[in-house]
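Me: I am new to this structure. Can you walk me through how to read its contacts and packing?

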Amino acid sequence: MVIKAEHELHKRRLSRNIGLGLVLVGFVALVYGLTVVKVGELYQPEAASEASK
Amino acid sequence: MTDASIQTTKTETGEAGFGDYFALLKPRVMSLVVFTALVGLLVAPVGVNPVVGLASILFIAVGGGASGALNMWWDADIDRKMKRTLTRPIPSGKVEEGEAFAIGITLSVMAVVMLGLAANLMAAALLAFTILFYVVIYTMWLKRWTPQNIVIGGAAGAFPPMIGWAVATGGISIESVLMFALTFAWTPPHFWALALFTKGDYANAGVPMLTVTHGRKATRNHILGYTFALAAVAIALGLTSVGGPTYMVIALVLNAMFIKGAWDVFRRTDVDSEADSHKAERGLFKLSLAYLFLHYGALLVEASLKPFGLGGWG
């Protein structure tokens, strides 16, 4: 039985790992972006004046 | 040696690639979800921050995809019996049923929670209801029980524009309800037109389809009935704040064409249909694809004209 260094199985695992990695990086970026927007909204002039009332 | 080779084969069939997991989310259905949710969000009278809008559409898409994965998990037994669904990730042996269930549940919860955090509770509640409706009421309960299954399943597919609207406004209004009704009333004639010219093997799988349970003549009658309801909804939507002259002209033309197409299908017998390879049925199905896209597209046109003082009814 020939053992190949790169088997079809490894390719599929690699595609899965890269795909999942990209999804996680994208998710982190999205949550970071959302946090920036949500925190930014708190310091908008209307919000600030509302808060001062 | 023999044992080793068997072991290798077994492991290989269970090793799914990323694409196989993605296929669980029914990407084609997701594209309709994304498009209609985006229109619902963009035509709403309240502006949304682009990052919040993008994130919300993404979470709605993930929620829709998750319900697709749960649908495939529950329907794995019938998917193995039908040619059309035999290549899906579970029946083809690429993804295990338990994996599909885990992915579906995890993504459902994540999508609902994240939409609640990114947008508002109303949007999250609507998304949760959509997933619940599609998975429990349609997939688990009514799909194998009533030939009206496609009508009920269509309701789940009709919620996304309502969710998009709720992301922007935080509520429900006549506009969002009519956008829901547009996709809801569109689904039966769209699907039954397809059922009239494809030889589905639903009967083998024990799924009651109208063409089988009530016959093809009844299906033609149903298509015409729903088409009239659809036209009424489409015109009513044009009279609301999201409509306008451009939408109305497009809606009038498309609905006249759709009624004509449904009338032609209604008048035909199966002998006529077989004689010209289901020309009218195929034509109605093709028209239905353009119909929905152009209606939502027209709503987008109206919304994009408004900043220039041109869209809407003034």
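Me: What area is buried between chain A and chain B, and what share do carbon and sulfur atoms give?
Reply: The size of an interface is often given as the accessible area lost when the parts come together. This is a predicted model. In it, chain A and chain B bury about 1,600 Å² between them. Carbon and sulfur atoms give 71% of that area.

Me: How many residues does the contact take from chain A and from chain B?
Reply: Chain A brings 17 residues, and chain B brings 21 residues.

Me: Which residues in chain A lose the most area to chain B?
Reply: They are Arg12(A), Arg16(A) and Leu30(A). Together they make up 33% of what the chain A side buries.

Me: On to helices. At what angle do α9(B) and α10(B) pack?
Reply: Look at the angle and at the distance between the axes. Helix α9 of chain B spans residues 160-169, and helix α10 of chain B spans residues 174-197. They pack at about 160 degrees, with axes 7 Å apart. An angle over 145 degrees counts as roughly antiparallel, so α9(B) is roughly antiparallel to α10(B). Their crossing is right-handed.

Me: Which residues make the contact of α9(B) and α10(B)?
Reply: α9(B) supplies Pro161(B), Met162(B) and Trp165(B). α10(B) supplies Glu175(B), Ser176(B), Val177(B), Met179(B) and Phe180(B). By type, this contact has 6 nonpolar residues, 1 polar and 1 charged.

Me: How far apart are the axes of α7(B) and α9(B)?
Reply: They are 8 Å apart, and the angle is about 165 degrees. Helix α7 of chain B runs over residues 121-142. That angle makes α7(B) roughly antiparallel to α9(B). The crossing is left-handed. From α7(B) come Met122(B), Ala123(B), Leu126(B), Leu127(B) and Thr130(B). From α9(B) come Met162(B), Ile163(B), Ala166(B) and Val167(B). The tally is 8 nonpolar, 1 polar and no charged.

Me: At what angle do the axes of α3(B) and α9(B) cross?
Reply: Roughly 40 degrees, and the axes come within 7 Å. Helix α3 of chain B takes in residues 27-42. This crossing is right-handed. Among the contact residues are Val33(B), Ala37(B) and Leu41(B) of α3(B), and Pro160(B), Gly164(B) and Trp165(B) of α9(B). The contact of α3(B) with α9(B) counts 8 nonpolar residues, 3 polar and no charged.

Definitions and conventions
Residues are numbered from 1 along each chain as its sequence is written. Chains are lettered from A and ligands numbered from 1 in the order in which they are written. This is a predicted model: local features need pLDDT of at least 70, side-chain atom pairs count only at pLDDT 80 or more; totals for chains, interfaces and linings use all residues. Side-chain values use heavy atoms; hydrogens and water are left out. Axes are lines fitted to C-alpha atoms, for helices over the stretch in contact, and angles run from 0 to 180 degrees between N-to-C directions. Helices (H or I, at least four residues) and strands (E, at least two) are DSSP runs, numbered from the N terminus. Angles under 35 degrees count as roughly parallel, over 145 as roughly antiparallel, 65 to 115 as roughly perpendicular and the rest as oblique. A crossing is left-handed if the near helix is turned anticlockwise from the far one by less than a right angle, and right-handed if clockwise. Contact means heavy atoms within 4.5 Å. Ala, Val, Leu, Ile, Met, Phe, Trp, Tyr, Cys and Pro count as nonpolar, Asp, Glu, Lys and Arg as charged, and the others, Gly among them, as polar. Buried area is the accessible area (1.4 Å probe) that two parts lose on being put together, summed over both.
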